[in-house]
Amino acid sequence: MRKTNDKSLKEAIEQMMQVYKIKRRYDETGVIAHWPELVGKPVANRTKEIYIHDKKLFLRIESSVVKNDLMLMRTQIISKINEEARANLVEEIIFL
């Protein structure tokens with residue numbers, strides 16, 4: 001039997017992340033970890049550096065062809081990331 005003030009482990013962890021203000025950083029790390037699933041393995045293999053800062057996704061791509069393709073698909077990538085995270089994590093992509 002559950003008491004009225006009992007919470008599931010998921011609820012407790014989410015509440016803890018909000019209290020300590022680390023939920024956003026956790027979500028950003030998840031995007032970086034799932035980058036190959038978001039864009040595919042061939043693109044992920046050519047990604048040399050990836051990080052998020054101030055709602056901007058910074059990418060260093062070694063192939064100019066892949067970089068150009070990603071520039072054209074910029075809005076789709078942003079919407080896919082935000083949809084997966086269920087939050088507005090990325091507003092802009094910057095290529096280094």
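**View 1. Salt bridge between Arg-25 and Glu-28 in a predicted model.** In this predicted model, the closest N and O atoms of Arg-25 and Glu-28 are 3.2 Å apart, and the two residues form a salt bridge. Both residues belong to helix α2, and because they are 3 residues apart there, about one helical turn separates them. Glu-28 has a relative accessible area of 7%, so this residue counts as buried, the limit being under 20%.

**View 2. The network around Glu-28.** Arg-24 joins Arg-25 and Glu-28 in a network of salt bridges. Glu-28 is located in helix α2. Which residues does Glu-28 contact, once its neighbours within four places in sequence are left aside? They are Ile-52 and Leu-89.

**View 3. Salt bridge between Lys-23 and Asp-27.** A second pair in helix α2 (residues 23-33) is made up of Lys-23 and Asp-27, which are 4 residues apart, about one turn of the helix. Their salt bridge has its closest N and O atoms 3.5 Å apart. Are the two partners buried or partly exposed? Lys-23 is partly exposed, at a relative accessible area of 29%, whereas Asp-27 counts as buried, at 14%.

**View 4. Salt bridge between Glu-91 and Lys-55.** Glu-91 and Lys-55 form a salt bridge in which the closest N and O atoms are 3.6 Å apart. Glu-91 is in the loop between α6 (74-85) and β3 (92-95), while Lys-55 is in the loop between β1 (47-53) and β2 (56-61); the pair therefore ties together parts that are 36 residues apart in sequence. The relative accessibility of Lys-55 is 29%, so Lys-55 counts as partly exposed. How many salt bridges does a search of the whole structure find? The search finds 6, among them the pair in this view.

**View 5. A nonpolar patch on the surface.** Six side chains are shown here: Leu-9, Ile-13, Met-16, Val-19, Tyr-20 and Ile-22 form a nonpolar patch on the surface. Together these residues have about 620 Å² of accessible area. One of them, Ile-13, is found in helix α1 (residues 9-19).

Definitions and conventions. Residues numbered from 1 in each chain as written. Predicted model: local features only at pLDDT ≥ 70, side-chain atom pairs only at ≥ 80, totals over all residues. Heavy atoms only, no water. Patch = residues over 30% accessible without salt bridge, like charges linked within 9 Å, V, L, I, M, F, W, Y side chains within 5 Å. Areas by Shrake-Rupley, 256 points an atom, 1.4 Å probe, with all protein chains shown as cover. Salt bridge = Lys/Arg side-chain N within 4 Å of Asp/Glu carboxyl O. Helix = DSSP H or I, 4+ residues; strand = E, 2+ residues; numbered from the N terminus. Buried < 20%, exposed > 50% of the residue type's maximum accessible area, 1.4 Å probe, protein only. Contact = heavy atoms within 4.5 Å.
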